[in-house]
Amino acid sequence: MFTAEDHLHMSRALQLAALGMRTTSPNPRVGCVIVNRGRIVGEGWHVAAGTPHAEPHALAQAGELARGATAYVTLEPCSHHGRTPPCADALVGAGLARVVVASTDPNPLVAGQGMARLRAAGILAESGLMEAEALALNRGFMSRMTRGRPWVTVKLGMSLDGKTALDDGRSQWITGPAARRDVMRLRAESCAILTGSGTVMADDPQLTVRGIDPLQPPADCMSPAAALMREQPLRRPLRAVVDSRLATSPVRAIYLNGGVRLYTCVSEGARHAPYIGHGNLVRVVPAPNGRVDLSAIVADLGLQGCNNLLVEAGMGLAGAVLRAGLLDELVCYVAPAIIGHQALGAFNLPPLASLEDKVRLAWHDVRPVGDDLRLTLRPVR
C-alpha cells in the first residue's frame, strides 16, 4: 500500500519527467526523486537521448545520502547497455533500500528486467504508483513499443459550423493568435508532423516550430540535469508529406530547407530527383485500392523513432486517417465564427447509410484558448 508521502514524491517525479516533453524523443520522459528520512536529497530527469537518464542525475545530486534511501522513478529503470549504462545497476550500486516505480517499461530490452535486477540485489522494488499519469506522459513511447507505431493526433482549426477551409482550400486564419501559439506547443511536443499535398498547395506551410523554447527547470533544482537542460537546443520535429502523385512543386517552402520525408506512390526516380536535390528523402509506399497505405507510413515513422505524430492537414488526409483506424486523439480549435455551407468540412468520409454508423468520440478535455475553444477527443474503442 502506497502512502500519502509516496504519492507526493511520485508527483514531483512526474513533474520533473514532463520537463523533457520537447527534448527526449525517441526516448521516454522520465523523472526521479530520491528521498532519505523524509527529505528530498536528489532530483533528476532525462533531458535528451544520448545524455544520462533521470536516475544518474538524481544519484549525482544525492551522493552518499542515496544509501538506504527511497527512489521514486516514473518508468522502470533500464537494464541494458545503450548509449548510457543501465540505470538499474546505478541504483543497486548506490545502495538504495527501496525503489518505487510508476510504470513498467514495455521496451523488450527492459520489460520487467530492471525490476528483477533490483529485487535480486535485495532492494524493495514496487510498481504501479500513479501509473495512469505516467502512462499518459509517455503515451507515444508506449504506443511505439506495444503497437509499433506512434500515437497519432489529428489537429484541426475550424469554424463554429465545422468548416476548416474555404472552398478553394485556403484556411489561414480561421482561429486566433492564441490558438496558433498553442499549435506550436503541440508541434514542439511531437516527434513528427505529417501533412498532405492539398495543404502544401493551398497554404504553402513550413511546419516548423516557432516562438517556443524548451521547458525550463525549477529555479530551486540543483540537479545536474538542470544545467544540461539549459544548454539543450529545442528538438525539431521531423516533417513529412503525403503526396501520392507528386503533385506538389519541389520549390514549395516545406521542401526548400530539406529534411522532409516525402511519401508517394510514384516510383520513377527521375521524378524524385528535384525533391532529393533539396535534401529531402522520398519513400515509395504501397497503394492498395489506389490509395496511399497510411498504416505503412505511420509504421515507417515508428521505425524512425517517432513516438508522437501530429497530423496537420485538410479534410482529405484527416478523413483517410480516420478511415484507416489510426486516429488516437483529435484536437479541434473552434473559432466563434461561421463560414457557410460551401466551405470545406473537417473529414472527407463516405456517406453514412445510417446514423448508427457515425464515428463515436469521447470528450477528453475542453478549454478556452484565447477567443477560441480547444476540444480534445478520443475514439470510443
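Predicted model: local features only at pLDDT ≥ 70, side-chain atom pairs only at ≥ 80, totals over all residues.

Colleague: Is Tyr 255 buried or exposed, and how do you know?

Modeller: Its relative accessibility is 0%, so Tyr 255 counts as buried. Tyr 275 has a relative accessible area of 4%, so this one is buried as well.

Colleague: What makes Tyr 255 and Tyr 275 an aromatic pair, and why is it given its particular type?

Modeller: Rings of Phe, Tyr and Trp (its six-membered ring) pair if their centres lie within 6.5 Å; planes under 30 degrees apart are stacked, over 60 edge-to-face, and the rest tilted. Here the centres are 5.2 Å apart and the planes stand at 75°, so the pair is edge-to-face. The rule gives a count of one aromatic pair.

Colleague: Where in the chain do the two rings of that pair sit?

Modeller: Tyr 255 is in helix H10 (residues 253-256) and Tyr 275 in helix H11 (residues 269-276), 20 residues apart, so the pair links distant parts of the chain. Helices (H or I, at least four residues) and strands (E, at least two) are DSSP runs, numbered from the N terminus.

Colleague: What else is Tyr 275 in contact with?

Modeller: Contact means heavy atoms within 4.5 Å. Beyond neighbours within four places in sequence, the contacts of Tyr 275 include Leu 246, Pro 250 and Val 282.

Colleague: How do you know that Arg 180 lies over the face of Trp 173?

Modeller: A charge sits over a ring if NZ of Lys or CZ of Arg is within 6 Å of the ring centre and within 35 degrees of the ring normal. Arg 180 lies over the face of Trp 173 at 4.5 Å from the ring centre.

Colleague: What makes strand S2 and strand S5 edge strands?

Modeller: Two strands pair if DSSP finds at least two bridges between them. The open sheet runs S2-S1-S3-S4-S5, with mixed pairing. S2 (39-45) and S5 (124-127) each pair on one side only.

How values were computed: Residues numbered from 1 in each chain as written. Heavy atoms only, no water. Buried < 20%, exposed > 50% of the residue type's maximum accessible area, 1.4 Å probe, protein only.
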